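Subject: Handing over the structure

Hi,

Here is the structure for you to look through. Please open it first, then read my notes alongside it.

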Amino acid sequence: MSLVRRFLLCGALLFSSCLSEQPPSLDGIHNFANRLFDGQADSFFFELTGDHKLWSRWNQPVNDNYTVFEDGSGKIRVQGTTVNALARGLRHYANDILQLDEFWFLDRPQVPKPLPRPKLTLTGASVVPWRYNLNTVTFSYTFAWYTWDEWEKLLDWAAWRGINLQLAWVGYEKIFLDSFRDLGMTTDEILAFFSGPAFQAWNRFGNIKGSWGGMGNLTVSWIESQFSMQKKIIARMVELGITPVLPAFPGFVPDAITRIRPNASVTRAPNWLRVDGYSQDYFLDPLDSIYAELQHLFVSKQIKAFGNITSFYTLDQFNEMTPGSSNTDYIRNVSRATYRGLTAANPSAVWLMQGWLFYSSSGFWTQQTIDAYLDGIGEKSNALILDLYSENYPQWQRTKSFSGRPWIWCQLHNFGGNMNLFGQISKITKGPISALAESDTLVGFGLTPEGYEGNEVVYDILLDQAWSASPIDTKDYFRKWTTLRYGAIKALPKSLFKAWDILRQYIYDSTNPDIPSTGVGVYQLQPNLRGLVNRTGHWPAPTALHYDPDMLKKVLGLMLQAVADKRSLGNAAAFQLDLVDVTRQVMTNAFDDMYLDLISTYNRSVVSNNTAGSSRGPALIAKKGKRLLDFLDALDFVLSTQEHFTFDKWLYSARDLAQSPQEVDLNTFNARSQVTVWNWDAPFLNDYSARAWSGLIKSYYYQRWAIFIKGLEDALRNGVLDEKALNQKIRMFERDWQYMGSTDSRQAKSTALSSLQQVIKQWPDVFKMIV
């Protein structure tokens, strides 16, 4: 009997108990209600009304529904088809009866005691079975340093909004480490393959290998601690009715594979984005029997660790890479062997695949090659495809709904954790509903941003669209969302509603195809004489605006009017956070004018043929440059009032997770690198993950611009500008900062409102409000 057939037989016996599963415990939803309603879970009576078997390729999910009503006994009865539907029903109750909601970056609102009973019955029904969450790289750009408290809040947020399918691959390295040890590799050989803790996502699907910077390899203690976190995450997801998507073995292996298995069929992956020396992983041919052996190890070890809790596995073999051959027989055999290895360990497995490869390598993935790749997986229900960037570059239409496979309409929205205010709410309300009418294999709506850093309303509205058969009325939605956002404040002033309606119309409803994602500010980019302003496209990140910047000034003016009318707003955490967020964007936009003024002044000075040694040109640059730098300092000051907008939070979180001095050095180096140079030797990725954080602005962006301004001054004095040398000087600063970082952090000594008022007085021309 072949190795694969033995695996299949053992797997089938292991999973024979799947057909007789018991109904899920309601303890998880009871504990959830206690967390969200301040210990008042006993006010509710929960009742499941639907099927309770694990979803799998043999047991496909159906749409959820729930009902909330007073049952006559004094209890609030919540009925739902699944535990997740019960959680969504609780949110409906909180929104409609308590006028409260749960948000990122904010503490939970106070709830009344006792809880009021609903006078009318509340109902809801999803229009799709799946509501999906998370991009593979979110685990690096946002979650790299998450503690259990942060994971707990995120999971509650997800269940609260009806998410029932979520990627879960924290601690993947533990499964990888133990599997390759079983194969005969040494621990050192495996650790040398892993990338640093802030770059693990790209290591996991074969883009990079190794840990750069000379800070040592990923440690076993880090791997063990992350795996312990994964166990808690998985257990909580199951409690909340969220199906975990676990990692399968994608095929990328350490170089030592050739030592332990000299005949292994491996090929070098391409050099990904010029990350020289840390790319070109070995890819193990799925047709090689070793592949099936490793796949069985990966899946079976997770079943042993977590139990029989899911049939869904994420597996991306060609992320921003292409197969070695376009021969359709070869491509079909690759996916067939891959899926066969997966089902050898879990016969009910569903292969969840990011559809990004069909977009990023669209020249390779024709309908013919797509058909071959997906056909190799077998039955339609064996796979589930994420159309990762549906709002701008949908692939379902050109691929015939992914060759008739089940797929999920996803909003990507954010690259690298960039933070500009941005949204496309018409696209994300109308688009998925239109697709639902046109494609009979669309089974879900989902969120796939690379980073969760803000713009929360655009994620909420898509998740809520999953419970509405027609496109949501965005005007009504934003008004209600505003009420819930500041739910602790009664009788909100009209000016605040007007501010959010302007945000809805102009900021969060972009229809400009040239600006398809969250952008960055010019101040966050490596200084240059050209090429920074009005940049479009999703990568490099856009700097162009899709709205008149005066409209955002008007929003800020209305928010200030609102707090003048309702002084209690000034103490509301949500309002302070949003006030700083809008101010940040107003100042980001204003920086462009200062930059253009600086460059124009320099160019005029050059054209005027000032002689070497003339003081007028350098003096003008010094004056304009000082204004620009002072403005960055003011921006840093405003951001320092909110922990969410501080670099310290990111850096100290990395430090605090370390368990040894070596891990402190490795973690903090990774934390500094990711949000600046990424990999200093690969400038193609420089500023990809630019963040608008206090501390990062003062110690990094400010210093780069200071070097640039001084370079322009010196050029006018000397009569020549060596742009290459100036760029290299900035690059050397970037490298030094990556290693040394900042020793100076700003501690906020005032509130968001008082800080803003101070900055407005300093910069009256910038804050000329249009009310």
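Predicted model: local features only at pLDDT ≥ 70, side-chain atom pairs only at ≥ 80, totals over all residues.

Residues are numbered from 1 along each chain as its sequence is written, and side-chain values use heavy atoms, with hydrogens and water left out.

**The largest pocket**

The largest pocket holds about 820 Å³ of space. A pocket here is an open set of points on a 1 Å grid over the protein atoms alone, where a 1.4 Å probe fits, with protein on both sides within 12 Å along at least five of seven lines. Its volume is the space filled by probe spheres set on the points, which are joined across faces, edges and corners.

The largest pocket is lined by 31 residues. Lining residues have an atom within 4 Å of a point. Closest to the centre are F105, Y146, E150, H644 and K649.

By type, the lining has 14 nonpolar, 8 polar and 9 charged residues. Ala, Val, Leu, Ile, Met, Phe, Trp, Tyr, Cys and Pro count as nonpolar, Asp, Glu, Lys and Arg as charged, and the others, Gly among them, as polar.

**The second largest pocket**

This one holds about 620 Å³. It has 32 lining residues, and P24, H52, L54, V238 and G241 are the closest to its centre. Two or more residues each come from α2 (27-36), α3, α9 (220-239) and β7 (243-247). The most come from α9, with 3 residues. The lining divides into 15 nonpolar, 11 polar and 6 charged.

Where does the second largest pocket lie? It lies between domain 1 (26-125) and domain 2 (130-472), because both give residues to its lining. The domain bounds come from an automatic or database domain assignment.

**Backbone details**

Look for two cis peptide bonds. One joins K113 and P114, with omega about -5°. P114 sits in the loop between α3 (83-98) and β4 (122-125). Another joins W539 and P540, with omega about -5°. P540 sits in the loop between α19 (494-507) and α20 (549-565).

Next, check phi. Q280 is not a glycine, yet its phi is positive, near 60°. Q280 lies in the loop between β9 (266-268) and β10 (282-284). It is partly exposed, at 37% relative accessibility. N534 also has a positive phi near 60° and is not a glycine. N534 lies in the loop between α19 and α20. At 56% relative accessibility, N534 is exposed. The cut-offs are under 20% relative accessible area for buried, over 50% for exposed, and in between for partly exposed (1.4 Å probe, protein chains only).

Is T601 buried or exposed? T601 is buried, with a relative accessible area of 2%. T601 lies in helix α21 (573-607). Leaving out residues up to four places away in sequence, T601 touches L620, I621 and K624. Touching means contact: heavy atoms within 4.5 Å.

Best wishes

Notes:
Helix = DSSP H or I, 4+ residues; strand = E, 2+ residues; numbered from the N terminus.
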